[in-house]
Amino acid sequence: MLLAAGETIWKAGPLTKGANLCHGTGGNGYAFLKLYRRSGDLVWLERARAFAMHGIEQVAAEREHYGHGRYSLWTGDIGFAIYLWDCLQGAAAFPTLDVFYP
């Protein structure tokens, strides 16, 4: 069931609401990181990284449009930066939930 959910996210593609963790591309990308950590299948890490690349473009476009970034964990660039770090590390430590309740 988890793999089917991941496939659904992949088929839907990155969200248009932005790169943030809260209902954004980064938040959905964490599902791929979780699936990678559970299954060991590199396809999920590759998909997480593909969402990350799309999210980088979203952050740049939003900064250009608004003239500044967003500075919060859940709806801003900080949370997305943590997602990027986890993509580089192959980790899935979602901020707060996995950090405070390992």
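Lys and Arg count as positive here and Asp and Glu as negative, while His and the chain ends are not counted. The place of a charge is NZ of Lys, CZ of Arg, CG of Asp or CD of Glu. On that basis the protein chain has 9 positive and 9 negative side chains, and the centres of the two sets lie 6 Å apart. This is a predicted model, in which local features need pLDDT of at least 70, side-chain atom pairs count only at pLDDT 80 or more, and totals for chains, interfaces and linings use all residues. Residues are numbered from 1 along each chain as its sequence is written, and side-chain values use heavy atoms, leaving out hydrogens and water.

**Overall fold**

- The protein chain holds 5 helices and 0 strands; helices (H or I, at least four residues) and strands (E, at least two) are DSSP runs, numbered from the N terminus.
- The order of elements from the N terminus is α-α-α-α-α.
- The radius of gyration is 13 Å, which agrees with the value near 13 Å for a compact globule of 102 residues. It is taken over C-alpha atoms, and the globule rule is 2.2 Å times the number of residues to the power 0.38.
- Along the principal axes, the C-alpha atoms fill a box of roughly 40 × 30 × 20 Å.

**Surface and contacts**

- Buried residues make up 36% of the 102 residues. Buried means under 20% relative accessible area, exposed over 50%, and partly exposed in between (1.4 Å probe, protein chains only).
- The accessible surface comes to about 6,200 Å², and 63% of it belongs to carbon and sulfur atoms. Areas come from the Shrake-Rupley method with a 1.4 Å probe; for residues, only the protein chains shown count as cover.
- Of the contacts with a separation of 6 or more, 57% join residues 24 or more positions apart. Contact means heavy atoms within 4.5 Å.

**Helix 3 (42-66)**

- Helix 3 has 25 residues and reaches 36 Å from first C-alpha to last, close to the expected 36 Å. The expected span is 1.5 Å times one less than the number of residues.
- Its buried residues are Trp44, Leu45, Arg47, Ala48, Phe51, Ala52, Gly55, Gln58 and Val59.
- The cover over these residues includes helix 1, helix 2 and helix 4.

**Helix 4 (77-89)**

- The 13 residues of helix 4 should span 18 Å, and the end C-alpha atoms are 18 Å apart, which agrees.
- Asp77, Gly79, Phe80, Tyr83, Asp86 and Cys87 are the buried residues of helix 4. They pack against helix 2 (25-39) and helix 3 (42-66).
- Gly90 follows helix 4 and has a positive phi, near 70 degrees.

**Trp10 in helix 1**

- Trp10 sits in helix 1 (residues 2-12). It counts as partly exposed because its relative accessibility is 31%.
- Not counting residues up to four places away in sequence, Trp10 touches Phe32, Arg47, Ala50 and Phe51.
- Trp10 and Asp41 are 31 residues apart along the chain, and their C-alpha atoms are separated by 15 Å.

**The loop between helix 1 and helix 2**

- Asn20 lies in this loop. With a relative accessible area of 6%, Asn20 is buried.
- Leaving aside neighbours within four places in sequence, Asn20 is in contact with Thr25, Gly26, Gly27, Trp74, Thr75 and Gly76.
- His23 is found in the loop between helix 1 and helix 2. At 42% relative accessibility, His23 counts as partly exposed.
- His23 is not a glycine, although its phi is positive at about 50 degrees.
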